[in-house]
Amino acid sequence: MSRTGSYGIWRILLLAQLREQPGRFLVTVLALALGVALGSSVYLVNTSALNEFGLATKRLVGEADIVVRGPRDGFPEQLFVDLAHTPSVSALSPVLELEVALSDRKETLKVLGLDPFRAAVLQPAIMGDIGEAMFQLFDTDAIYLSSAAAQELKLKRGEQLRVTVGSTSKALRVIGILSQNTYSQSLGLMDIASAQWIFNALGRVNRIDMRLSPGTDVNSFRRDLGTKLPPGVLALAPQVERDRAVTVTKAYRVNLNMLALVALFTGAFLVFSTQSLSVLRRRRSLALLRALGVTRSQLRNALLGEGLALGVLGSLLGVVLGMIIAAAVLKFLTADLGNGQLRAAGASLRSAPLQTVAFFAIGVAVAGIGAWVPARNAARQPPARALKGGDGDFKAAARTGWRSGLAMLVLGSALAWLPPVGGLPLFGYAAIAALLLGAVLLVPTVTIQGLRLAPRTHRIVLDTAVSQLRENVSLSALSLASIIVSFSLMVAMAIMIHSFRISFDHWLGKLLPADMLLREPPGNDTAFLSKDDQAKLGTVTGIARAEFRRTLQVLLDPTRAPITLIARGMSEADTAAELPLIRSVSAKESPTPTAFISEALQDVYGYKIGDVLQIPLGGRNRAFLIAGVWRDYARLSGSVVVSRHAYTAATGDDSANEGSLWLNTGTDSDTVARMLRQTVGNGDALEITTSTALHERSLQIFDRAFAITYALEIIAVIIGLTGVSFAASSTALARRAEFGMLRHIGMLRRQIIGMLADEGVLTSTFGVVYGLGLGAALSLVLVYVINRQSFNWSIDFAVPVLPLVLLSVVLIGAAAVTAIWSGRAALSQDAVRAVREDW
Amino acid sequence: MRPGGCLLAGYLLTRCLLTGCLLSGCLLAMPAAAGTQYAPVVPGHPFRFPADLGSHPEFRTEWWYVTGWLMTEQGESLGFQITFFRSKPDIDANNPSAFSPRQLLVAHCALSDPKRGRLWQDQRIRRAGLNLADAAEGDTNVWIDTWSLRHAGQSYAAKIDADGFSFDLMLAETQAALINGQGGVSRKGPQPEASSYYYSLPHMRVAGTLSRNTAKTRVTGEAWFDHEWSSEYLDPEATGWDWIGVNFNDGAALMAFRIRSLHGEPRWAGGTLRGADGDMRVLEPADVDFHAGRRWISPRTGIAYPVEWTVRAGSHEISLRPLLDDQENDTRLSTGAIYWEGAVQAYERNSIVGRGYLELTGYGERLKLR
Amino acid sequence: MIDPILQLEGLSKRYSKDRPAIFEDVDLTLRSGEYLAIMGESGVGKSTLLNLLAGLDTPDTGRVVLEGVDLTTLDDDATTRLRRRTVGFVFQAFHVLPYLSVEQNVALPLDLLGVAEPERGRRTQEMLTAVGIEALSQRHTRELSGGEVQRVAIARALVHRPRLVLADEPTGNLDARSAAQTLTLLRAQIKANAGAGILITHSRAAADTADRIVVLEARGLKALEAA
């Protein structure tokens, strides 16, 4: 202590802390690092992906001021001719943009059919790279590939690429490969004439890029143009195309960030409990420092400095870790964080110095917040009382928390009712945070009340455990807080995921009633089954009944992702019967064809049952009466189901791209699949599967998608447990003298350890029960607010009872083991020295 | 008039390169897979006007090429050039798409402006069709978007709305067509099949308006009009050529060209000379001599162009001096071609006897004929 | 009842092999009703000796016979059980449990011995009355003065009527007045219990409250010469 003057106080404190408890120090640092790493890597991966996607979109849109976009089947090319004659249009480029089905693989390839001469003006980078080879594009079978596409398809210049159009396979010839720098995503380029011919789209284009003469007011021109375009054709600002990509991943991103917040929250609690415990443990040394002349603020700053030092180390580690994780994710996984919604291959890690500093600062701030309260409390302690011993003030302080705790609970419950902000459940997250904080603030009060209920055994040794807990309620509350926070979040997540899984499972069962399913590669614009194909497939031996569907993308709102139109069920009654409807009305009398919208259309677009939905089909708006809302877990951006009859009547399109097959009993599905493939031209590219297999695979994919969530939650709980073990070992060490006395008066070693185990079980049972209750409350917010607002679909609440019970038992056991283990450590020193030890 | 024959394609290449150059790639890189049949240039088919004023889509290439001098109201002398090329690519003709590139059209225009010190120029390339670009048969009528060259009565209307400048000119015929070569078949190399159909309209009277940026002015002047079509490939021995078309003050007209071999020696030459009295003389290789005079080195590309010449063509021996030295067309960024083409004055014994246009190609790197 | 209560024979103890013994050849016999004070300079090993004779530590050589049982032959649990029944402790630092009431603290040894209510309560009350703090029985020890706390400790040491009471500097943390009262009480209670007591102290005044005084030296216990 005499060195206090020459060294900073905090350095002495910190070094002593480090020396005495390197393990706790390390775990606290690691928890903070995890939070920072998670947050920053999610951010970096996403920024890099969006950046990559943005660059790609920019390259594709090029220097256009306006993009005119139509549905997949486009609009008459005369629109392009008309626009070409419009004054103040300085350049325009017609495009036929299709997701082309490949004959020998399930993926699709985005192909742009364009006029190289016109594209050269608007997409100079891409056409400049092709250079004079663009003349070779005039060959009907010529296609130019981006290097990403060439790599994915394993094709070299001069080789053949087989595509499916209808159910026919056609060969294209790769005449060149774009450099990676020019366009990093997967893409094929063809001449627009060849594309129209090959993909059966003669006379039609679906996109026109326009540049206006200098001085033209782009916005008013675009608005004006918009009113003149046929239904379903939109004049968009290029920015909208990029923004749409951002929106698509927003919900997913926010959920990952939520996990990062959980880690940070846990980290803050860990700092809080670590610092609180260490302050308690050292209260006499700290009081001595005060007595020796260290001022209140010096002491407070010193203790705060300890917390900040933890924060700096953890955040540094976290930032570095975050970059490593982000780089690895970008290298080994896809940049869309595995959710398949953002196809941005080969995104390179984008350094974001400012944001890196921000994440570092967040980590440090979180540690600072965690350290602030214990530092302030310690500094407020009158040194005389602290020197004498006792912890009464903390108890008093803990009791005052209940008012703010209740207030936070009320606030949290209120926030949960608020609507999303910009499509994000921000208030939902705020509700979770408020509920957590409120629940934590209530821990001391509830602990005291709870212990009052603890049974009196009239065995003093047992009562001692309860009395000890009641007496040191602030200590217990501290160790409880970290486990309650992490456990309740885990419980909430588990309930949410379980509810989702059960609902998903039921949903799959409802949607997959047939024995077998077949479909063209999803998302493709070119492959389909003609009426003839459908008839042939339906009569394959072994098939009792066949039903076909047509799905296609329809853009209802230019600022949102396209929705999926599904034409299924021959009659409207069939359609209704086949769907997992949530609500519906009978519309038998309606002269207007009926439509069933998914919940996303209801939540995002605001449609209600009974409304008339205008769907642009075949260049006209077609009215559909909304007769029901169905649950669709497969299409995030929304879907609408109409009967095939209504669809065909509106479009004349009687093709299909999906089908359900019912087999005669005893028919072998493999044999049927083989025969089906032989029946149509592109049979090899057809996805054919049994409903059972698809069901299983869907659930597997579901589980895989949530595996990382579980892993992170388990880490959080382990960190929480570590917090409990620190508290236990710290308490045990602090009670060494007590144990020594008990040994003197004849208590057996195992009796003492048993007493500690009782305490551990009591504490953790309380924590687990509290965590279960809190978790259940949080899960309501997750299921009904955050899930609903993020994904716009409902799920049925279901509690995974057995896993939660098992988990609770494991946690209680682990806490008991921890208590025993720390008791052993405390008892390993001999009782003799313990009773002599004063501090 | 234009170096024809075996160099036709190559010639187009340079012109095309100068205009946008893309066509070259098209013509030369296009695989012959589709097996398009092109009409051959054969003697014994005298021109039938106005049908032959129009497009000949069965031939591989064709151009309408206007070069001349303009005088503004303020007395400025300017050179101008407006060219439309048509090219029939070797593609599958069965594609029913309206976008199918059955014909490609290229337009290039340039203005030689001594005040500016270098050219104004712009170019466009399009596939024919959808009424947005085409070359009509039956009479001269070619257009790309708002750029057009149309024949009506005794006049041609040229409308070009280019980047930074625009022309709206009427070109009136003052003389009968000058039929180049043997009955309109102009030979371009040692091989007899390297030929083109080629006629010129010298001494066209020009009147109209010219805009530079926002400044609009009335102009008058005199131009030289070429129309040439062929299906032949470029002579691989050629590295470049020199070409002139001169309107003499006395009403005479001269077209002369020389094709240089890989080593810079003359490989072929030819021309047509029509006297003021209307007396026609077809010039054989031996009748034409090009002697390079003063060189100008481009500050941008470092290429040395002989911008002054002495040309012997039949009975005439004229020296040529440029309106301005820097009439270099540099399209390396888009096409890779660099050449010189500009307005020149013709002198005989130190007095101005006429005005015309001079084209010099192949003075930089050898033309890339992929 | 076995007499003598405690016998030490040729006891020696060293902290480690390469260091000299703290003490050697300690012999002592303590009989029922005897109250002995052990004095000695700081570091001479008074407390170590106390721990040896309570079975909390094992001697390098020699025997500790408590109630006729040689402690060196017992394992930890057996020693603990013997100690639980036979020995009562009074510490310099009191060592009462702050979160238990006075009554609970005092009842602790009875609880360990399995004495059930109402017997436990009765004996505890008796003991509290005996040390004069019956009025404080429901109070928490942190609300008490040092002297009162030490009375609680004495009550706890004697409540199960141990045959041997070991007091290690019991007045070290007390003022002179409380110290005197504590020593008087301790002696009175030991005598009332008909057991034996050992008081370890460096204070001659404190030692004088015992029946006899020995001084611990490196070569063993020496009877204090009459001054």
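Mentor: Two strands pair if DSSP finds at least two bridges between them. Strands are DSSP runs of E with at least two residues, helices are runs of H or I with at least four, and both are numbered from the N terminus. The model is predicted: local features need pLDDT of at least 70, side-chain atom pairs count only at pLDDT 80 or more, and totals for chains, interfaces and linings use all residues. Residues are numbered from 1 along each chain as its sequence is written, while chains are lettered from A and ligands numbered from 1 in the order in which they are written.

Trainee: How do you know that strand β16 and strand β17 of chain B pair?

Mentor: Strand β16 (residues 266-274) and strand β17 (residues 280-283) of chain B share four bridges, in the antiparallel sense. The rule asks for at least two, so they pair. B:T272, for example, has B:V282 in β17(B) as its bridge partner.

Trainee: What do β16(B) and β17(B) form, and what is the phi of B:G278?

Mentor: They form a hairpin with five residues between the strands, and B:G278, in the turn, has a positive phi of about 90°.

Trainee: Which residues other than glycine have a positive phi?

Mentor: B:D145, with phi near 50°, and B:H203, with phi of about 50°, are among them. Most residues other than glycine have a negative phi, and most peptide bonds are trans. B:D145 sits in the loop between β6 (141-144) and β7 (147-152) of chain B, whereas B:H203 is in strand β12 (residues 195-212) of chain B.

Trainee: Why do B:D145 and B:A176 get the labels they have?

Mentor: B:D145 has 15 C-beta neighbours inside 10 Å, so it counts as partly exposed. B:A176 has 11, so it counts as exposed. The place of B:A176 is the loop between β9 (165-172) and β10 (178-179) of chain B. Its C-alpha atom is 9.1 Å from that of B:S200, 24 residues apart along the chain.

Trainee: Which peptide bonds are cis?

Mentor: The bond joining B:F49 and B:P50 is one of them, with omega about 5°; B:P50 lies in the loop between α2 and β1 (61-72) of chain B. Another runs from C:E117 to C:P118, with omega near 0°, and C:P118 lies in the loop between α3 (102-112) and α4 (119-131) of chain C.

Trainee: Why is chain C called as compact as a globular protein of its length?

Mentor: Chain C comes to seven helices and ten strands. Its radius of gyration is 17 Å, close to the 17 Å that the globule rule gives for 227 residues, so chain C is as compact as a globular protein of that length. The radius is taken over C-alpha atoms, and the rule is 2.2 Å times the number of residues to the power 0.38. The C-alpha atoms fill a box of roughly 50 × 40 × 30 Å along the principal axes, and buried residues make up 51% of the chain.

Trainee: How do you know that the length of helix α27 of chain A agrees with expectation?

Mentor: The expected span is 1.5 Å times one less than the number of residues. For the 27 residues of α27 (residues 801-827) that gives 39 Å, and the end C-alpha atoms are 39 Å apart, so the two agree. The buried residues of α27(A) include A:L804, A:L811, A:A815 and A:S822.

Trainee: What makes up the largest nonpolar core?

Mentor: A nonpolar core is a set of buried Ala, Val, Leu, Ile, Met, Phe, Trp, Tyr and Cys residues joined through C-beta atoms within 7 Å. The largest has 403 residues, and A:V640 and B:L105 are among those with the most contacts inside it. Helix α2 (residues 22-61) of chain A gives the most to this core, with 20 residues.

Trainee: Which residues does A:V640 touch?

Mentor: Two residues are in contact if their C-beta atoms, placed from the backbone, lie within 7 Å. Leaving out residues up to four places away in sequence, the contacts of A:V640 include A:I563, A:A595, A:F596 and A:I615.

Trainee: How many residues of chain B and chain A take part in the contact?

Mentor: Chain B gives 23 residues and chain A gives 19 residues. On the chain B side, the largest share, four residues, comes from α2(B).

Conventions. A residue is buried if 20 or more other C-beta atoms lie within 10 Å of its own, exposed if 12 or fewer, and partly exposed in between; C-beta atoms are placed from the backbone.
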